[in-house]
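Here are my notes for your first look at this protein. Keep the model open while you read them.

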Amino acid sequence: MTTDLIRRSVIAGTGSALPPRRVTNAELAERVDTTHEWIVERTGIEARHIAADGETTATLATEAARKALADAGVEAQQVGLIVLATATPDQTFPASATRVQTMLGINDCIAFDVAAVCTGFLYALSVADNMIKGGMADYALVIGSETFSRILDWEDRTTCVLFGDGAGAILLKAEQTRDQGVLATRLHADGRHNDLLYVDGGVSTTGTVGKLRMKGKEVFRHAVVNLADVLNEVLVASGHEASEVDWVVPHQANKRILDATAKKLGLAPERVIVTVDQHANTSAASVPLALDTAIRDGRIKRGDLLVLEAMGGGFTWGAAAVRY
Ligand code: UT7
């Protein structure tokens, strides 16, 4: 740990948003050839939230951002940067971050989207952290928001049962501190694995939005190895040991991935925040949603050492060590 005061990005507030409509496994089993038992046993998922007409990535993101601002006691006008991680934007362009900006009533700040699918929040956090450290902003909203229900093939039981909609946001604040806030981030991508997890359409190829396709078993195998590696990497970069970690806040894709990754690192399973049972996989929203859930229910407390991690399409993967 450094003894010098450094300009760092400290988490001043968090918030999240879920569409009111909750869909259980039993309800899905009426639509596709699946069972509650299969979904729970293979994934740990019991329910997910699905956006209604009019609820979009930007509206969910705005609700989560408003809560994060209120939690921090900061006015929207103070925000100098909005980074929104999403693979399901409201429009191909402009960036959904600018819709969030407008809904928050901010007339001028930096606002853009980041596309790294399920790792999107880690990418957004790292970008915002480095922009704060570089003096580009004093307050930054980092948001993960998704409406994956709109790119699911509802006939494909191997994917449609796995995902849900939602948003999570954090407000970062520049502060001179020794060991508080974002301590280290590490990001990776390997585009050779494009065909294991992708959407079969796009603006420049088919001119359509497309549907999500995934070879789940192969993604699973890569996920455990990549996540354990990047967690180790970020711990070394932050100067901390696995034994010092109070909470792991992982991307919520599958309970079995969370268990296997924790085991590989020798982290106690009760130190891992699990929300996949109630939210399913919300892609870029899952890490900030899990973080906000565990802060709200009192598990994560000020001063706790957190490691955030995610892996997804690309492949992309990444992690952050944060003192909350
Ligand atoms: O967020 C980005 C990262 N994504 C992930 O991390 C996802 C990683 N992958 C996974 O989570 C898991 O691989 C899945 C949950 C997607 C699948 O679990 P699995 O244990 O790997 O199952 P499987 O794909 O090997 O399928 C086993 C069987 C198959 O039947 P056969 O071939 O054994 O007869 C599937 O057809 O389960 C069948 N199956 C289902 N059965 C009932 C697949 N989906 C379903 C379903 N309901 N929804």
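1. Start with burial. Of the 324 residues of the protein, 56% count as buried (under 20% relative accessible area, with a 1.4 Å probe and protein chains only).

2. Know what you are looking at. This is a predicted model, where local features need pLDDT of at least 70, side-chain atom pairs count only at pLDDT 80 or more, and totals for chains, interfaces and linings use all residues. Residues are numbered from 1 along each chain as its sequence is written, and side-chain values use heavy atoms, with hydrogens and water left out.

3. Next, the secondary structure. The protein has ten helices and 13 strands. These are DSSP runs: H or I over at least four residues for helices, E over at least two for strands.

4. The radius of gyration is 18 Å, close to the 20 Å from the globule rule for 324 residues, so the protein is as compact as a globular protein of that length. The radius is taken over C-alpha atoms, and the rule is 2.2 Å times the number of residues to the power 0.38. Along its principal axes, the C-alpha trace spans about 60 × 45 × 40 Å.

5. Now the domains. Domain 1 covers 6–177 and domain 2 covers 181–323; the bounds come from an automatic or database domain assignment. Their contact takes 55 residues from domain 1 and 50 residues from domain 2. Contact means heavy atoms within 4.5 Å. The C-alpha centres of the two domains lie 14 Å apart.

6. Last, sequence distance. Among contacts between residues at least 6 apart in sequence, 77% join residues at least 24 apart.

Technical notes:
Buried < 20%, exposed > 50% of the residue type's maximum accessible area, 1.4 Å probe, protein only.
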